[in-house]
Amino acid sequence: MDAAKDIIDRWENIRGRIVQSARNCGRNPEEITLVAVSKTHPARSVRVLAQAGHLDFGENYVQEALDKQEELADLNMRWHFIGRLQSNKAKFLPGRFHLIHSLDRVKTAQALDHNCAKHSVVQAVLLQVNLAGEDQKGGIPEADLIPASREIDALPGLDIQGLMCMPPFFDDQERARPFFRRLAQLRSQLENELGHALPHLSMGMSGDYPAAVEEGATLLRIGTSIFGARDLN
Ligand SMILES: *Cc1c(COP(=O)(O)O)cnc(C)c1O
């Protein structure tokens, strides 16, 4: 079995299904960016996809991401940081990621802002919202979203471009749908509060992306359906 061919085949299949989902609900497929989530997969698998012309890749762990960036520096790629973000890792991020999806604390935002100033960059970020109140997951509790976003929006080194969520895992994507719908509502509310557009909704993974597209996702984070199952150890 040719692993490289499998990756390309699955990627093409997913892209076709995204286009179909978009058309089914009257959206322009071009508004939707597929972020291929490559965490735990080796750089050589990522290279296969980048060489086939795929641009956007998502990583969860800072060191793993930086290692892959170095190894794949010869390729044209945009890196997205989608994992848990700690203040002490903030210094490694500015200038290296097209978009950080998982900002979820004012304290981390301040650390990031401080490092953006040092590098004279403005970092595009999304605020991750913990819609189901799950302790084991990151994200700003819904009740804190407005005050936290006001504080973060005032930081000159950060540019808030939208919201991200990761609903509980369900076998049926219809059960994830209300969370996607809620995130879209919160986005509208926050646009009013902050007085500027928030173009992005990062939502939808391997098991539920068609529903996410129907609810307005602009960024899909898909790993397993492209790269295959991750080793858990
Ligand atoms: C791993 C991960 C994904 C991808 O999940 P799959 O089910 O493999 O598609 C998406 N978003 C986040 C935040 C992740 O950690």
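Trainee: Where do E64 and K68 lie, and how many residues apart?

Mentor: Both are in helix α3 (residues 62–71), 4 residues apart, about one turn of the helix. A helix here is a DSSP run of H or I with at least four residues, a strand a run of E with at least two, each numbered from the N terminus. The model is predicted: local features need pLDDT of at least 70 and side-chain atom pairs 80 or more, while totals for chains, interfaces and linings use all residues. Residues are numbered from 1 along each chain as its sequence is written, and side-chain values use heavy atoms, without hydrogens and water.

Trainee: What makes the contact between the side chains of E64 and K68 a salt bridge?

Mentor: The term needs a side-chain nitrogen of Lys or Arg within 4 Å of a carboxyl oxygen of Asp or Glu. For E64 and K68 the N to O distance is 2.7 Å, so the pair qualifies.

Trainee: Why is K68 called buried?

Mentor: Its relative accessibility is 5%. Buried means under 20%, exposed over 50% and partly exposed in between (1.4 Å probe, protein chains only), so K68 is buried.

Trainee: Which residue forms a salt bridge with D56?

Mentor: R78, with the closest N and O atoms 2.9 Å apart. The pair links distant parts of the chain, D56 in strand β2 (residues 56–59) and R78 in strand β3 (residues 78–81), 22 residues apart.

Trainee: What are the accessibility classes of D56 and R78?

Mentor: D56, at 5%, is buried, whereas R78, at 29%, is partly exposed.

Trainee: How many salt bridges are in the whole structure?

Mentor: A search finds 13.
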